[in-house]
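Please read this briefing alongside the sequence and the coordinates shown below.

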Amino acid sequence: MPQVQELIAEAKKFYTVDNYCSDYIELIQDHSQLYKLLIRFESAAERQSKMHKRRADMIEALTTDLNPQFYLLVSLTYYVHLHTYRHRITHSCALPPMINS
């Protein structure tokens, strides 16, 4: 995971909201999706909650950076996602871990 984090950080230096907004949005979506997939492998509820919080923080930062006039649909979609993430964090409704077969 540290290598992935480093690659994402490097990509964020190049793809910014100001220069490549659509690509930056996709990058944040992919980063959030990474945590979503990892949550299913985490058995500790506290760590699951922290991952949900990281996802929510990423999306929240993105919604403040986007101009809703031009990215209305994206902004509305993320507001719904934010509500869902915050609900999971608050109510500790983390997804169950995956079962290894």
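Which hand does the crossing of helix 2 and helix 3 have? The crossing of helix 2 and helix 3 is left-handed, where left-handed is used if the near helix is turned anticlockwise from the far one by less than a right angle, and right-handed if clockwise. This is a predicted model, in which local features need pLDDT of at least 70 and side-chain atom pairs count only at pLDDT 80 or more, while totals for chains, interfaces and linings use all residues. Residues are numbered from 1 along each chain as its sequence is written, and side-chain values use heavy atoms, with hydrogens and water left out.

**Overall fold**

- The chain has 4 helices and 0 strands, these being DSSP runs numbered from the N terminus (H or I, at least four residues, for helices; E, at least two, for strands).
- Along the sequence the pattern reads α-α-α-α.
- Of the 101 residues in the chain, 27% are buried, where buried means under 20% relative accessible area, exposed over 50%, and partly exposed in between (1.4 Å probe, protein chains only).
- Of the contacts between residues at least 6 apart in sequence, 58% join residues at least 24 apart, a contact being heavy atoms within 4.5 Å.

**Helix 2 against helix 3**

- Helix 2 and helix 3 pack at an angle of about 170 degrees with their axes 9 Å apart; axes are lines fitted to C-alpha atoms, for helices over the stretch in contact, and angles run from 0 to 180 degrees between N-to-C directions.
- The two helices are therefore roughly antiparallel to each other, given that angles over 145 degrees count as roughly antiparallel, under 35 as roughly parallel, 65 to 115 as roughly perpendicular and the rest as oblique.

**Helix 1 against helix 2**

- Helix 1 (residues 2–14) packs against helix 2 at an angle of about 165 degrees, with the axes 10 Å apart, and that makes helix 1 roughly antiparallel to helix 2.
- The contact joins Val4, Gln5, Ile8, Ala11 and Lys12 of helix 1 to Tyr24, Leu27, Ile28, His31, Leu34 and Tyr35 of helix 2, and its residues divide into 8 nonpolar, 2 polar and 1 charged.

**Nonpolar core**

- The largest nonpolar core has 14 residues, and those with the most contacts inside it are Ile25, Ile28, Ile59, Leu62, Leu66 and Tyr78; such a core is a set of buried Ala, Val, Leu, Ile, Met, Phe, Trp, Tyr and Cys residues joined through side-chain atoms within 4.5 Å.
- Helix 2 (21–39), helix 3 (45–65) and helix 4 (72–91) each supply at least two residues of this core, and the largest share, 6 residues, comes from helix 2.
- Leaving aside neighbours within four places in sequence, isoleucine 25 is in contact with Leu62, Leu66, Tyr71, Val74 and Tyr78.

**Single residues**

- Tyrosine 35, in helix 2, counts as buried at 6% relative accessibility, and its C-alpha atom is separated by 8.0 Å from that of arginine 54, 19 residues apart along the chain.
- Alanine 61, in helix 3, counts as partly exposed at 38% relative accessibility.

Note on methods
Ala, Val, Leu, Ile, Met, Phe, Trp, Tyr, Cys and Pro count as nonpolar, Asp, Glu, Lys and Arg as charged, and the others, Gly among them, as polar.
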